[in-house]
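Colleague: I would like to go through this model and ask what stands behind each label. Please set the values against the definitions.

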Amino acid sequence: PEARGTLLSVENASKKFGGVVALKDVSFTVQQGEILGLIGPNGSGKSTMINAISGIAPITSGRIMLEGKEISGQPAWNVHAAGISRIFQNVRVWGSMTVLENVMIAHPATRDLDVLRSTFGARSANAAEDEARVAALEALSLVGIRHLADRPASDLSFGQSRLVEIARGIVNKPRLLLLDEPGAGLRGGLILELAEILKDLRDKGMTILVVEHRIKLVVEMCDRITVLNLGEKIAEGSAESVARDPVVVDAYLGG
Ligand code: ADP
Ligand code: MG
C-alpha cells in the first residue's frame, strides 16, 4: 500500500519484570494503512509489546507515540479513547446475548444509556442505541457475519466467536487495531479466511499490528514484518526478505 506516514512509533522501548528483561531498546514504526507483523519465537516479548502499546502494562523506559502524541504512561482507557483497539486472545462473548448485542455493548454510545434515559428521556437513549446498532451491524458486515446478528452468541462456533471479538474491536472505528495471535486455535481454512478479513480491513483504511508465530499466515497477510528475539529487534522488512534472513531462520530454528 501507499505510504501515508507514521501512525505509531515505538522508541527505545524496554520492559523489565524484576530481573527479567522482556524488551530491550526496541524501536519500530507502524505506517498508516499497513499490516505490520510482529513475530518471534516464544518468550521473545511480543505480548509484552502489545500490552505496553495498549496501556495494560507500561514500558520501563523509552516512549510510544501515536501520531506524535505520547501514549506510553497513559492508562488503557485513554489509549483506547485515543484510537487504539486491542483484540484479546481469549474469546469473551456473552452467550445469553445476541451477536449484535455483544458488539453493541462495545460501542461508546451504549456506555451511558441509563444516564441518558433518566436525564434526557427515552428519545436520546434510543438515538444513542440506534447509533451503536448501525455501527455494530457495519462491524459485523466487515468480518463477514452480519447474517448471524440475531442469533444468541452461545450458538457460535469458536471461529465465529473470534470474529465477534474482532467486530467488537472495530465497532468504534479505531485508528490502530492490535491483535495478539488471532489465528490461535483456528484450523487452516479459517486462518486463511481470517487473513482475508484483516487484509480487507486494511484495504478499507484500517492500520493493523498483528502478533503471529505462524510464518505462513504472516507471509500471507503482512505488508512488513518486525522480528523480535529474546526481547530485541533482530530484523525488519518485507515478509519475503525476513523469511530468508539467516538471523531470523537461526532464531526460529536455533531456539
Ligand atoms: P511472547 O509473547 O513473545 O511469547 P512474552 O512477551 O509473553 O513473549 O514474554 C517475554 C518474556 O517476559 C518472557 O521471558 C516471559 O517469561 C516474561 N514475562 C512476560 N510477562 C511477565 C510477567 N507478568 N512477569 C514476569 N515475567 C514476564
Ligand atoms: Mg505471546
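Colleague: What makes strand E9 largely enclosed by the rest of the structure?

Modeller: A residue is buried if 20 or more other C-beta atoms lie within 10 Å of its own, exposed if 12 or fewer, and partly exposed in between, with C-beta atoms placed from the backbone. In E9 (residues 224-229), five of the six residues are buried, so the strand is largely enclosed. Strands (E, at least two residues) and helices (H or I, at least four) are DSSP runs, numbered from the N terminus.

This is a predicted model, in which local features need pLDDT of at least 70, side-chain atom pairs count only at pLDDT 80 or more, and totals for chains, interfaces and linings use all residues. Residues are numbered from 1 along each chain as its sequence is written, while chains are lettered from A and ligands numbered from 1 in the order in which they are written.

Colleague: How do you know that E9 pairs with E10?

Modeller: Two strands pair if DSSP finds at least two bridges between them. E9 and E10 (residues 232-237) have five bridges, in the antiparallel sense.

Colleague: Why are E2 and E5 called edge strands?

Modeller: The open sheet has four strands in the order E2-E1-E4-E5, with antiparallel pairing. E2 and E5 (69-70) each have a single partner strand, so one side of each is left without a neighbour in the sheet. E5 is joined to E4 (residues 61-66) by two bridges. Leu66 has Lys69 in E5 as its bridge partner.

Colleague: Why is Asp25 called partly exposed?

Modeller: Asp25 has 14 C-beta neighbours inside 10 Å, so it counts as partly exposed. Asp25 is in strand E2, and its phi is near 55 degrees, a positive value in a residue other than glycine.

Colleague: And what makes Lys173 partly exposed?

Modeller: Lys173 has 13 C-beta neighbours inside 10 Å, and therefore counts as partly exposed. Lys173 lies in the loop between helix H6 (158-170) and strand E7 (176-180). Its phi is positive, about 50 degrees, although Lys173 is not a glycine.

Colleague: Which element gives the most to the shell around ligand 1?

Modeller: Helix H1 does, with three residues. A residue is near a molecule if its C-beta atom, placed from the backbone, lies within 6 Å of it. The residues around ligand 1 include Phe17, Val20, Lys46, Ser47 and Thr48. Strand E2 (20-31) and H1 (46-53) each supply at least two residues of the shell.

Colleague: What makes the protein as compact as a globular protein of its length?

Modeller: The protein has ten helices and ten strands. Its radius of gyration is 19 Å, close to the 18 Å that the globule rule gives for 255 residues, so it is as compact as a globular protein of that length. The radius is taken over C-alpha atoms, and the rule is 2.2 Å times the number of residues to the power 0.38. Buried residues make up 39% of the 255 residues.
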